[in-house]
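Hi,

Here is the structure I promised to pass along.

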Amino acid sequence: MQLKEQILNTFKTTFGKDPLIVYSPGRINLIGEHTDYNGGFVLPAAIDKKMIVAIAENQSEQGKIYSVDFEEEFAFDLSSFSPKPGHWATYIMGVVAQLQQAGYQVKGFDMVFGGDIPVGAGLSSSAALECATGYALSTLFDFQIPKTSLVHYAQKAEHTFAGVMCGIMDQFASVMGKKDHAIRLDCRSLDFEYFPIALGDYQLLLIDTKVKHSLADSAYNTRRKECEAGVLAAQKVNPEIQDLRDVSLELLAQLDLDANVRLRCKYIIEENQRVIDSCIALENGDLARFGQKVYESHFGLSNEFEVSCEELDFLVDLVKDKQAILGARMMGGGFGGCTINIVHKDEVSQVKKEVSQAYEEKFGRFPEFYLVSPEEGSGTL
Ligand code: GAF
């Protein structure tokens, strides 16, 4: 059964009425990793894996929710609720809290949700749930919230309820995505441009390590603090500096910094430049150069920003000399999840076969593969 039908049927059986159905997708990121919370540049896209929300008003003072994937219900009073760390309802309640704080009167609602974004794969299933919730509530109660504001409420929900000080990229891509385009986003000004992705004979293949190491969230927040320390040091020399993109490598070399902070900052400064270079390469149809930037990005993420892991490094090392693959790197926050690979379309099956075998031999489990292409952001189904 199609996901939409499954969710619709579950809603009807659980709540006995017809719902509004909306969705928000997961995302990929072509290049520009960990640059978003540094006021830098990113190049993400929404994908055809999504979180679907069915929703209708109820006459109570509660949000009543059923998760199809977890086969579990959850209800909370709209006038009094707090985060439940590690529980899926945290993301939904986080968005409700943001809307309430912004003055929107969220009334009682029934909701069923489910999706096909693999959880923990670095494809932003949590951002998709937040965005789908915001979009669903806004549509149901006719709040008419602009899409860019929904992006902010979803990000704030992650900060305040899930406790991860994420940047804006995931929620932006989920809400604002456009078919066949990536989003070239300036995370400082939030100026963005839809950037056509025409890969010709190549396709984007994600390879899922099927691991998510437990340090992911805490290390994420630490990286953010390390970058902030770099900015503070640079501002002492030049108060005009706002973000690491305003810092040159020459200035960085002069700053008195902890060795880790220096490495993290170097990576961010160079990754911002790689996004700019990649866009030029893509505009020129120079996929080989784009691929080279993608490999360089992985090198930096692994050795300088230190957010990779054994499984991700293995997958990138494994493909890096293959003719059929122009570029590969870990994608998203890191410490597990997927690599993104630019693979010749005629070689996809062969690459899958070889990678599966080598990965299984090394780690005793098989990776998962997803062929992806840019799709539309949040919408009604
Ligand atoms: C996670 C975060 F949620 C994003 O904001 C971004 O920082 C990404 O990691 C790394 O680029 O997905």
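A quick definition to begin: a crossing is left-handed if the near helix is turned anticlockwise from the far one by less than a right angle, and right-handed if clockwise. Helices here are DSSP runs (H or I, at least four residues), numbered from the N terminus.

This is a predicted model, so to speak: local features need pLDDT of at least 70, side-chain atom pairs count only at pLDDT 80 or more, and totals for chains, interfaces and linings use all residues. Residues are numbered from 1 along each chain as its sequence is written.

On to H2 (residues 89-101) and H4 (residues 147-162): they pack at about 115°, with axes 8 Å apart, and their crossing is right-handed. Axes are lines fitted to C-alpha atoms over the stretch in contact, and angles run from 0 to 180 degrees between N-to-C directions. The H2 side of the contact includes Tyr91, Met93 and Leu99, and the H4 side includes Tyr153, Lys156 and Phe161 (contact: C-beta atoms, placed from the backbone, within 7 Å).

Then there are H6 (residues 216-237) and H8 (residues 259-283), whose axes come within 9 Å and cross at roughly 90°. That makes H6 and H8 roughly perpendicular (65 to 115 degrees). Among the residues that meet are Arg223 and Cys227 in H6, and Arg264 and Ile268 in H8.

H8 also holds Asp277. Asp277 is partly exposed, because 17 other C-beta atoms lie within 10 Å (buried is 20 or more, exposed 12 or fewer, partly exposed in between).

Cheers

Conventions. Helix = DSSP H or I, 4+ residues; strand = E, 2+ residues; numbered from the N terminus. Parallel < 35°, antiparallel > 145°, perpendicular 65-115°, else oblique. Contact = placed C-beta atoms within 7 Å.
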